[in-house]
Amino acid sequence: PGVTSAVFAIVLTAWPPYARLARAETLTRRRSEFIQAAELQGASHLRIIATQIVPLCLPSVIIRLTLDMAGIILTAAGLGFLGLGAQPPSPEWGAMVSTGREVLLDQWWVATIPGLAIFVTSLGFNLLGDGLRDVSSGRG
């Protein structure tokens, strides 16, 4: 239990889709004319990756991250609810919901308010990701 373990567990299970997305973006741009021009000018592979590929891949990865952030928040809250996340007295929404579960009939707000905070934050990240996707595709 602990924040470090929870973050490590989430990172360990959540990174493959981002790696696949970055790889797909890289493969589609690998034979572009501006990459070939940089190679002809003598740029190293590391310089091409840092100056050409990463700036083109980063927006897609950021959009994907904002859209997936709701799932990451729910995973962290679930770990906290089970007692595997942040330990008291550290504030953590999942732990707050778990604690409020014991007094749900008498003091419903103890569990409801952290649950609403999880919901509003997740909704906010989804709306942010949707807006970024619209802006990047030219629809917004």
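Begin with helix α5 (residues 109-137), where D130 and R133 stand three residues apart, a separation of about one helical turn. Helices here are DSSP runs of H or I with at least four residues, numbered from the N terminus (strands are runs of E with at least two). The model is predicted: local features need pLDDT of at least 70 and side-chain atom pairs count only at pLDDT 80 or more, while totals for chains, interfaces and linings use all residues. Residues are numbered from 1 along each chain as its sequence is written, and side-chain values use heavy atoms, with hydrogens and water left out.

Keep D130 and R133 selected: their side chains form a salt bridge at 2.4 Å, N to O. The term denotes a side-chain nitrogen of Lys or Arg within 4 Å of a carboxyl oxygen of Asp or Glu. D130 is partly exposed at 29% relative accessible area, and R133 is partly exposed at 36%. (Buried means under 20%, exposed over 50%, partly exposed in between, with a 1.4 Å probe and protein chains only.)

How many salt bridges does the structure hold? There are three.

Next, select R64 and D68 in helix α3 (residues 45-81), four residues apart, or about one turn. Their closest N and O atoms lie 2.8 Å apart in a salt bridge. R64 is partly exposed at 33%, as is D68 at 25%.

Finally, move to helix α1 (residues 3-29) and select E25 and R29, four residues apart. Their side chains meet in a salt bridge of 2.4 Å, N to O. Is E25 buried or exposed? E25 is buried at 16% relative accessible area, whereas R29 is partly exposed at 24%.
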